[in-house]
Amino acid sequence: MSEASAPSTPTTAPSRKRKRELETSPDDRPRSRKASLQDDAYKKDMYLVFVKNALKGKMQGNPTEFEQLLAQFNKAGLKDQSSSELRLWVSALKHVVSSLERIHAPLVTVLINFPWATMEDEFARSYMDLMGMLISARPEYLGAILAQIALGFTARYVSDLNSTKGREVFFDVSLVYERQHFLLQRLLSLIPTLSTTLEPLIIRNFPHKRQDKEEQVAYIQNVLKLSEYCLELRDRILGLVVDRAIQIDVEIQVELEDLDEGLLESATIPEDASGESSEEDDPNDNLSINSDDDDYRKEEKTSLKKVAEMLSKLDAILKLLFDHLNVGGSLSRFPQFRSPSSDSETGPSTPPFAKPKSLSSLEEESLESLQAARRSQFLTLLTIFDRTILRTFKSRYTQFLLFWYSSLDPEYTDLFLGLLVSRALFEQDQPAVTRSAAASYIASLVSRALFVDRESVRRTVGLLCEYLDGQLGYADDLLAEARQNEELGPDGLKISVSHFSVFYAVAQAVFLVFCFRWRDFEITSDDDEELVGRAGRKWIAELDAVRRVVTSPLNPLKHCSQNVVKQFARIAQKTGFVYCYGILENNKRAEWAASVYSNSAASSPIKFPSSGVSTPTTPRHPPRQSAPFLASPARLLVVADSPVENDVNAFFPFDPYKLPGSSSFIEDIYREWSMVALDEDDSDEEPDEDDQEVMVGDTGEEEEEVRLAPYFNKLLRLPARIRYLYAFDM
């Protein structure tokens, strides 16, 4: 031990004889094992005496030796000390742990903050023994030790270790994390109840959602590993990680198709090589326009880069969660079987998973243990979904954790669907937005999941149709009550869209499921069902409610998502289930007329008398009579309180999963639109020319332009009076 490292260490100059013995070469005079052990014991005693004197001096108001003891573990002195010397200090401290008082707290703080995880194995083991003895003798230091361990799970802790010695240090980062876990497990064995102290520390050190991917991945990977041996925190940690994923998820506001393929990997956007505008502008305006375009381009690239970084971060977090949940490896999915419709040309409804081979008793026991662990984990995940994911508006990818987990066992699928159906249909006390979201989840899960078989589809849709039928009766009761109380206005009974928001969400769910799974609703020779529909195709009896809903005064074809409505109308017409284009045309004309009249009334100073007397601005030709409504002539009018409500519930939680790093967990259990798209042979007849203008394209990706839209746009730019006259002179 050098004089610089411990100035007042009680060492004396060795005698000449002793000095010669120390300087003698091993080849000339090999030291016996007994002499070596005596020398080590002498050193340990010497260090122990110094430590005791330092602690005693601090108590007596003489901190000189105590300060020198602190210097042995200060970061500034590490580069001048060997691990063997530090190990002697740690060995001496083990003998005086019970003598530490509050006045010695600075020494304890230095020990706890010491970067021990980068030292050699022998010192690391000695240090962990010291920490175990410390909390056994002085439990008040448990919080400080756990706080340092929680900090040791972060990437910034590892980066700070490089600055400990003032130079770049190369060490195994995974070993640093591994030692933190080993120490925590040691402390957990000594104090089983430390989880109550550890939990708030784990939460406090959780990286903010704005921190980079490396920081997020390092910490989440460590806390997920912690949950494997600290079972008391397992559910809480899983909830924390899912919460962090969903916070990042909801900030992603652009489609992945808007990003270059390389952008997601590199999180950079290539500069535009040309920098030229594709449009021909006025030469006099070139400078200002180009400047604005350049600013817009830069702003757009910055936004895309930010989104790409967040997507990459979310992808990495979900990959960690999938790997953590995927315990069991090869036994990741229990056997499921094809549905009766799996022989269709569009592909199987459920994946043909192979049955497991016969298992030995040991394997059966292992399988049972795996099933129990997975079921417990699934119930935890289902609780997190109900508490957080379901009630978070428009998350994009986090919900696929439930999608994937539900595929592992048919029981999980039933539990997931059961929760969603309960929230959407039977729990009247739930907020309408939660019930609508649950209906959207039902629609997307049943439509997209290959593991949801035909019987589950029919059973689920049957419950949805039963609810819709009940709501039609409720609407009739409202109308009858209004008639009885003479509350009908000149336009009938007006009801807000929000009053029937759950109805429209459920109707949209049925429409979407029909688009994807209509083959599962057909009656085959093997089915013993009451037939519904025309000759040619027969449908299960529950779908009769859908036909009544489509033609009801509630008019779901107007208020549901128009992309879903147009695709449903196309498929329903081609399969001969129900004809919707008459109602769609009626809705379109009513919207057009309402827009023209409202714009005219707002812009023109002339007021039209209610008696219908002709005025100079009366149209020269009366408007074309719209097709009669297919429903009963009941005067029930559903109106939107705001423009946003004109297209309610346009939320599809299981739309295509396009995060490349974690997509391997989803792609084999996911139904793409191309697997169920209608072929020419599937339809008995094609829609006529008028019908095609409201159809969704065959790809199902985007809707075609309505041919009259350019005409409407030009019309709305005309003066109010001319627009009103011109609108009906067609």
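These legends describe close-up views of a predicted model. Residues are numbered from 1 along each chain as its sequence is written, and side-chain values use heavy atoms, with hydrogens and water left out. In this predicted model, local features need pLDDT of at least 70 and side-chain atom pairs count only at pLDDT 80 or more, while totals for chains, interfaces and linings use all residues.

**View 1. Helices H10 and H11.** The axes of H10 (residues 195-204) and H11 (residues 213-229) come within 12 Å and cross at roughly 165 degrees. H10 and H11 are therefore roughly antiparallel (an angle over 145 degrees). Leu198, Leu201 and Ile202 of H10 meet Tyr219, Val223 and Leu226 of H11, where contact means heavy atoms within 4.5 Å. By class, these residues are 6 nonpolar, no polar and no charged; Ala, Val, Leu, Ile, Met, Phe, Trp, Tyr, Cys and Pro count as nonpolar, Asp, Glu, Lys and Arg as charged, and the others, Gly among them, as polar.

**View 2. Helices H17 and H19.** The axes of H17 (residues 410-426) and H19 (residues 454-484) come within 11 Å and cross at roughly 5 degrees. That makes H17 roughly parallel (an angle under 35 degrees) to H19. Residues of H17 in the contact include Asp414 and Leu417, and those of H19 include Ser456 and Arg459. The contact has 7 nonpolar, 2 polar and 2 charged residues.

**View 3. Confidence along the chain.** The chain averages a pLDDT (the predictor's confidence in each residue, from 0 to 100) of 76. Mean confidence is lowest in helix H27 (residues 720-727), at 37, and highest in helix H16 (residues 400-406), at 97. Over residues 601-634, pLDDT stays under 50.

Definitions and conventions: Axes are lines fitted to C-alpha atoms, for helices over the stretch in contact, and angles run from 0 to 180 degrees between N-to-C directions. Helices (H or I, at least four residues) and strands (E, at least two) are DSSP runs, numbered from the N terminus. Angles under 35 degrees count as roughly parallel, over 145 as roughly antiparallel, 65 to 115 as roughly perpendicular and the rest as oblique.
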